[in-house]
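Hi,

Here's the structure I promised to send over. Have a look at it first, then read on for what turned up.

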Amino acid sequence: MKLFKILSYALVISVFSSCSSDDTDELPFEEQIVENENMGLLISDSESNVLNFLKPYDSSILDFQASFSGGSIYATESGLYGVITHRDNNFTETFNYGGEIDHGSHSHDLGEQGMAAISFESQSPTHFKSEQGYVSVYNDGDATLSLFNENSIYNESSPVRTINTGSAAHHGAMVIYENGTIAVTELGSGVGLPESVKIINQDEEVLFEDETVIVTSGIHGNAGNDNVAIFGSNTGILVVKSTGQQSLINYPNDFEDDAWFGSLLSTSDDNLFVGYTTNKGAYFINIEAEEITPIYETNNLFKCITSKEGDLVVSLTGEGYLNITEVETGLVKYQGQLNVTMDTEAIDHSAVISSIDLSEDFIYISIPTQKKIVQLQLNNLSITNEYNLNITPFQFKILGADFDH
């Protein structure tokens, strides 16, 4: 196991002054690493409407009521809010981390913890994005977008708007640019997957109609930065700039004809994205150099995520081997075999399998069959704690307050 993270430990020595000869021995000990007290895990239940909110700092678990069971959990751009989509029930709702957070000489009042003000009905809400201060949900049932401001979640200070993308209904996706325009998929002649991308504004107008549109063999997966959106397809990685120009990045020569990235992630580097697939592993996509290079190659990739800051790429195999790579350097920061038996068998999209998420010092893994969340310390991959839940965890996401001023 290679460990690249340098941790600071406190050496505490007790010195007792005495004239006698039976002085107490002085023994150093390592300071225990504990989780940030201002973070928690929002967890949905596969069987009931109950949500668990777990705070690892003090091991407390609070119950809240969602509208339906089996909600898909997402964290917003700031991390202060959760968005819970219920595709089969045509409903989306929100959760506020909430509370009053002490911060030096002052505090931050985040409002009441629990279910937040914004909720809405839409047709098969599926794809989620939180960027540029917006939250957007793509509704597969009618190819519309539900769009609202993140900072309105706790008090509904601005409404949820419905934007018609002008496409036939399909399994769609979108990226919001810095200027507020939106790159959104178009169905074309396909049966289920879109084949091209167009740019619209929030008034539903199509932009850059004079630019060449690249038609792919099917699109699934997307990511973006301020001015670039990328989409995964069998034809190649489709790059769509906010100015309307489109191009393709070819897959490596050793990719088989049916090997392509159906999932993409953004990173802290505007030129670097992550693409991954079960049978090939995780790869960097450099849009400036137009190159795709390996991060971690495996034929059994189970999960791949990036850290909240986008500076780390987490790859986890079905056998429990973990690889965490730094985006800036491309070096492995942590790697090793986890002593955890995960639930990995996925028959369909509704299968109840293990989920993962990452904080600064820990990785969390859900074990639905055992109704628990396991916490592992990154510096040595040891199990620090196991949290028994009163629900069967379907999905979870870390929420938290991070004030750096």
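Below is a quick tour, going from the whole chain down to a few spots in it.

One thing to keep in mind: this is a predicted model.

**The chain as a whole**

The chain has 405 residues, and 52% of them are buried. If you go looking for helices you'll find zero, but there are 34 strands. Take the contacts between residues at least 6 apart in sequence: 46% of those join residues at least 24 apart. The accessible surface is about 19,000 Å², with 44% of that belonging to carbon and sulfur atoms.

How many of the seven residues of β1 are buried? Seven of the seven are, so this strand, residues 39–45, is largely enclosed by the rest of the structure. Its residues point two ways: Met39, Leu41, Ile43 and Asp45 go one way, while Gly40, Leu42 and Ser44 go the other, and all are buried.

β1 pairs with β2 (residues 50–55), running antiparallel to it and joined by four bridges. Leu41 stands opposite Leu54 in β2, and a hairpin of four residues links β1 to β2. β1 also pairs with β34 (residues 393–400), again in the antiparallel sense, over six bridges. There, Asp45 stands opposite Pro393.

**A four-strand sheet**

Next, look for an open sheet with the order β14-β15-β16-β17 and antiparallel pairing. Its edge strands are β14 (174–176) and β17 (206–207), each of which pairs on one side only. Three bridges hold the antiparallel pairing of β14 with β15 (residues 182–186), and Val175 has Ala183 in β15 as its bridge partner.

Asn139 sits in strand β11 (residues 134–139). Is it buried or exposed? Asn139 has a relative accessible area of 0%, and buried means under 20%, so Asn139 counts as buried. Beyond its neighbours within four places in sequence, Asn139 is in contact with Ser122, Gln123, Ser124, Pro125, Thr144, Leu145 and Ser146.

**A pocket to look at**

Finally, the second largest pocket has a volume of about 150 Å³. Which residues lie nearest its centre? They are Asn38, Lys55, Tyr97, Glu100 and Ile101, out of 10 lining residues. Strand β7 (residues 100–103) gives the largest share of this lining, three residues. By class, the lining of this pocket has two nonpolar, four polar and four charged residues.

Cheers

Key
Residues are numbered from 1 along each chain as its sequence is written. This is a predicted model: local features need pLDDT of at least 70, side-chain atom pairs count only at pLDDT 80 or more; totals for chains, interfaces and linings use all residues. Side-chain values use heavy atoms; hydrogens and water are left out. Helices (H or I, at least four residues) and strands (E, at least two) are DSSP runs, numbered from the N terminus. Buried means under 20% relative accessible area, exposed over 50%, partly exposed in between (1.4 Å probe, protein chains only). Contact means heavy atoms within 4.5 Å. Accessible areas come from the Shrake-Rupley method with a 1.4 Å probe; for residues, only the protein chains shown count as cover. Two strands pair if DSSP finds at least two bridges between them. On a 1 Å grid over the protein atoms alone, a cavity is a set of points where a 1.4 Å probe fits but cannot get out, and a pocket is an open set with protein on both sides within 12 Å along at least five of seven lines; lining residues have an atom within 4 Å of a point. Grid points are joined across faces, edges and corners, and a volume is the space filled by probe spheres set on the points. Ala, Val, Leu, Ile, Met, Phe, Trp, Tyr, Cys and Pro count as nonpolar, Asp, Glu, Lys and Arg as charged, and the others, Gly among them, as polar.
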